[in-house]
Amino acid sequence: MQSGRILITGASGFIGGFIVEEALSQGMEVWAAVRRSSSTRYLQDKRIHLIELNLGSTDQMTEVLGNIQFDYVVHAAGLTKALKKSDFFDVNTEGTKHLVTALTDTQHAIKRFVFVSSLSVMGAIREEEPHTDIIDTDTPCPNTSYAESKLLAEHWLKEHCRLPFTILRPTGVYGPREKDYMIMADSIRRGIDVAVGYRRQDLTFIFVKDVVQAVFLSIKSEKSIGKAYFLSDGEVYSSRQFSDYIIQALGKRHVLRLTFPLWVLRTVCAVSDIWMRITGKLSTLNNDHYNMLKQRNWRCDITSAKRDLGFSPRWNLEKGVREMLQNTK
C-alpha cells in the first residue's frame, strides 16, 4: 500500500482512469488532472479531487499547483492520434516540459515523477528474422510522429528534469474501456477477422492493470530513478493468437479470416488520413499509425523492470482478453 497525495494527468483517459482507481484503493489522496472538455464518466468517486490543467501553459499550471504539495505525479496524459503532426509535439513533448517546469517552479519536494511513454519510441528495429528482443541499450529509431514526440520528452527529462523521475515504456496496452483493440473484437463479433502483411509479426501486449502495477512499483523503487523500462506481459504472440483468444472469449464458431498485403493497409490509412482532415474526426487508421501497424517485431526485454521494480505481470493475453471483453460496456 502507498500513502500520500498523488497527481495523475490524463486521468480521464484509458490508462489514467485505472491509475486513479488503484490510487484510491491504496488510500491515497487523489488529484485527477483533466481538460475542460474531458469526460469524467469514470471519475465519479467523491474522493477524487478534479483539477483543470492546461499543458500548453506553464504559468497556468504553476498558479494552479502552487498551493498543493504533491508527493507523487504520474504523467499519463498525451495524444496518440492527431490531425496535425505538430499536435503530437505540442502536447507530448512541450506539454511534458511545461508540466515539469511548473512543478519545479512550485519548489515542492516531489518524491517521484512517473512519465508514461511507449515502446514505440524504439521504432522498427531488430526486424531481421528470427526476431530478437529489443533491449535497453538499443538506439531508438522512432518512425512515427507520436513516437518521436514521446522520445523527445524522454530526452528532455534526462537532460533537464530536476525531479526524481522514472520512465515507463509499455507495449500495446489493452483492457476494459480501450477502444482501438475493440475494433478487432467488434469485427470478429460480425464474423470477420482481418490481418495485414504476409511476413511473420511478433507482437507483445500488456494488460492495463499490469501497467498500473508498474506505476506504483516505480514510485516505491529507488533503483528506478532516472531510468526507463519496457513493459509487457513477458510473452510473444502472433496476430492469429490474439484473434483466437477473442474468438474463444466471444464463443464464435464461424469466422472468416482475411489477410491483405501491406499496400492495402497503406491505401486505407492514406484515405482515412485525408478523411480525418476533411471532417476533423480522428481515426485509428492514419498515415502516422501506419508504420506502427506494419512493424513486424514488437518483442522487448522486461528483465530490468523485473529486477529494479519487482514487476511481475499478472495477466497473460488469454486471461486479459477475457477480462477486457467481459468488462467493456
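Analyst: Let's begin with contact, which here means heavy atoms within 4.5 Å. Among contacts between residues at least 6 apart in sequence, 77% join residues at least 24 apart in the protein chain. Before zooming in, a word on the ground rules. This is a predicted model, so local features need pLDDT of at least 70 and side-chain atom pairs count only at pLDDT 80 or more, while totals for chains, interfaces and linings use all residues. Residues are numbered from 1 along each chain as its sequence is written, and side-chain values use heavy atoms, with hydrogens and water left out.

Now the helix. Tyrosine 245 sits in helix 7, residues 239–250; helices here are DSSP runs of H or I with at least four residues, strands are runs of E with at least two, and both are numbered from the N terminus. Tyrosine 245 has a relative accessibility of 19%, so it counts as buried. The scale is this: buried is under 20% relative accessible area, exposed is over 50%, and partly exposed is in between, using a 1.4 Å probe and protein chains only. Setting aside residues up to four places away in sequence, tyrosine 245 touches Tyr237, Leu317, Glu318 and Val321. With valine 321 the sequence gap is 76 residues, yet the C-alpha atoms are 6.7 Å apart.

Arginine 257 brings us back to that stretch from another side. Arginine 257 belongs to strand 11, residues 256–260, and is partly exposed at 30% relative accessible area. Leaving out neighbours within four places in sequence, arginine 257 is in contact with Asp193, Arg240, Ser243, Asp244 and Ile247. For a contrasting pair, take arginine 257 and lysine 281: they are 24 residues apart along the chain, and their C-alpha atoms are separated by 29 Å.

A few backbone spots are worth a look too. The peptide bond from glutamate 129 to proline 130 is cis, with omega near -5°, and proline 130 lies in the loop between strand 5 (112–116) and helix 4 (145–160). Glutamine 107 has phi near 60°, a positive value in a residue other than glycine. That glutamine 107 is in the loop between helix 3 (85–105) and strand 5, and is exposed at 72% relative accessible area. Arginine 177 also has a positive phi, near 80°, and is found in the loop between strand 7 (172–174) and helix 5 (180–189).

What about cysteines? A search of the whole structure turns up zero disulfides, a disulfide being a pair of cysteine sulfur atoms within 2.5 Å. For cysteine 300, the nearest cysteine sulfur is that of cysteine 141, 16 Å away. Cysteine 300 is buried at 8% relative accessible area, and cysteine 269 is buried at 0%.

Zooming out, the protein chain has eleven helices and eleven strands. Buried residues make up 51% of its 329 residues. The radius of gyration is 20 Å, which agrees with the value near 20 Å for a compact globule of 329 residues; that radius is taken over C-alpha atoms, and the globule rule is 2.2 Å times the number of residues to the power 0.38. Along its principal axes, the C-alpha trace spans about 60 × 40 × 40 Å.
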